[in-house]
Amino acid sequence: MVKKASLAAKGRECQDAGELQIGIKNKGVSALNFIISNSYAEMSVKAAHFVAAALKAKPDIVLGLPTGSTPIGMYQELVRMHKEEGLDFSQVSTFNLDEYRGLKGDHNQSYRYFMETNLFRHVNIKPENINFLSGVAKDPVAECKRYEEAIIKAGGIDLMILGIGINGHIGFNEPASKLEANSHIVKLTESTIKANARFFEHLEDVPREAITMGVGSILRSRNIILLASGTNKKEAVYGSMSGLVTTEIPGSLLQLHNEVTFFLDTEAAAKIKE
Ligand code: F6R
C-alpha cells in the first residue's frame with residue numbers, strides 16, 4: 001500500500017494513449033506516464049496507436065527505433081495500419097538505437113536486417129531516410145560522431161521508442177558506474193549475451209560488442225516511450241520508475257525526462273503494482 005502510494009507520486013497511470021498529449025510539454029515536473037495492458041498483444045496495439053497518432057500529427061516525424069522481441073507486435077500493427085488504413089511513412093525518418101559490432105547490415109542477425117524484415121520493407125519509408133550506426137565501420141569513433149551529427153541535422157528525434165533489458169539497459173547502455181552520454185562502442189555484459197543468445201545458433205555466435213546511442217542521445221529526444229512485457233522485466237521496470245536514479249539501472253535515467261510513457265503488460269507491471 002505504501003509502495004503504491006509512493007509510486008503514484010512518481011508516475012501517472014493512464015487508461016489509454018488517447019489520454020496523452022503527444023509532444024506537448026506541459027507538466028513542468030518529471031512524471032512518467034504508464035499504461036498497463038492485459039496482454040502483450042494489447043500493449044503492442046496501444047503502443048502502435050500512440051506512434052501512429054504522433055506520425056499523423058507530424059508526417060515528417062523523426063523516430064528512434066529499437067529491435068528485440070518486445071517491439072515486434074507493435075511493428076506488426078504499424079504494418080497493418082499502413083496496409084489497411086494507409087498510414088503514411090513517406091516523410092518519416094528513423095534512427096535505430098544500436099547495432100552489433102562485426103555484423104554487416106545484410107547479416108541475418110544484424111539489427112538492420114531485423115528492421116528490414118519487421119518494418120521497413122513492409123511500409124513506404126524512403127531508404128534514404130533510414131539511419132543506422134554501422135557495425136563494421138573501420139573508424140567507430142568517427143562513425144559515432146557522424147551519427148550524432150545526422151540526428152542533429154534531422155532536427156533531433158521527435159519520438160524515441162525503447163525496450164528495456166532484464167538488467168535495466170536501454171539501447172545497449174549496460175549498467176555501470178558511469179555511462180556515456182553520446183553514441184559509443186560498448187562491451188555487452190554476460191547477462192545480455194545470454195539473453196540475446198536465443199536469436200543465434202550458438203552462444204559463441206553472439207557478438208561481444210555493439211555500437212549504441214548513449215543515454216544523452218536517448219534523453220535528448222522530445223518524447224520517449226518504453227515497451228516492456230513479461231515477468232522477467234518486472235524488476236527493470238520497477239527500478240526505472242522507483243523515484244531513484246542510478247547508472248546501475250540505465251532505464252532509471254528516464255525519470256529525468258519530461259515526456260516518457262511506459263507501455264507495460266500486467267506481468268512487467270507486477271512489481272510496480274505490488
Ligand atoms: C535493442 C535494444 C535493447 C532491447 C532490450 C530488450 O535495439 O536497444 O535495449 O530493447 O534488450 O530486448 P527484448 O525486447 O528482446 O527483450
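How many nonpolar, polar and charged residues does the shell around the ligand have? By class, the shell holds 3 nonpolar, 8 polar and 3 charged residues. The legends below describe close-up views of a predicted model.

View 1. The ligand is surrounded by 14 residues. The closest of them are Thr70, Asp98, His169, Gly171 and Lys233. The space that the ligand takes is the largest pocket.

View 2. Thr70 places a polar side-chain atom 2.4 Å from an oxygen atom of the ligand. For Asp98, a polar side-chain atom lies 2.7 Å from a ligand oxygen atom. Lys233 also has a polar side-chain atom 2.7 Å from an oxygen atom of the ligand. On its own, the ligand has 410 Å² of accessible area, and the protein covers 93% of this area.

**View 3. An open sheet of 8 strands.** The strands pair in parallel. Their order is β1-β2-β11-β10-β7-β3-β4-β6. Which strands stand at the edges? They are β1 (11–13) and β6 (130–131). Each has a single partner strand, so one side of each is left without a neighbour in the sheet. Strands of a sheet pair through backbone hydrogen bonds, in either the parallel or the antiparallel sense.

**View 4. Strands β3 and β4 side by side.** Here the view moves to one pair from the open sheet, where β3 and β4 follow each other in the order. Strand β3 covers residues 62–65, and strand β4 covers residues 93–96. The two run parallel and are joined by 4 bridges. Look for Val62: its bridge partner in β4 is Ser93.

View 5. Strand β9 spans residues 209–212. How many bridges join β5 to β9? There are 3 bridges, and these two strands run antiparallel. Strand β5 consists of residues 98–100. Within this pair, Glu99 stands opposite Ile211 of β9. Strand β8, residues 184–187, also pairs with β9 in the antiparallel sense, over 4 bridges. There, Val186 stands opposite Ala210 of β9. In a regular strand, side chains alternate between the two faces of the sheet.

Technical notes: Residues numbered from 1 in each chain as written. Predicted model: local features only at pLDDT ≥ 70, side-chain atom pairs only at ≥ 80, totals over all residues. Heavy atoms only, no water. Near = heavy atom within 4 Å. Polar contact = N/O pair within 3.5 Å; in protein donor to acceptor, adjacent residues only side chain to side chain. Areas by Shrake-Rupley, 256 points an atom, 1.4 Å probe, with all protein chains shown as cover. 1 Å grid on protein atoms, 1.4 Å probe; cavity = no way out; pocket = protein on both sides within 12 Å on 5 of 7 lines; lining within 4 Å. Sits in = over half its atoms within 2 Å of the grid points. Nonpolar A, V, L, I, M, F, W, Y, C, P; charged D, E, K, R; others polar. Pairing = 2+ DSSP bridges.
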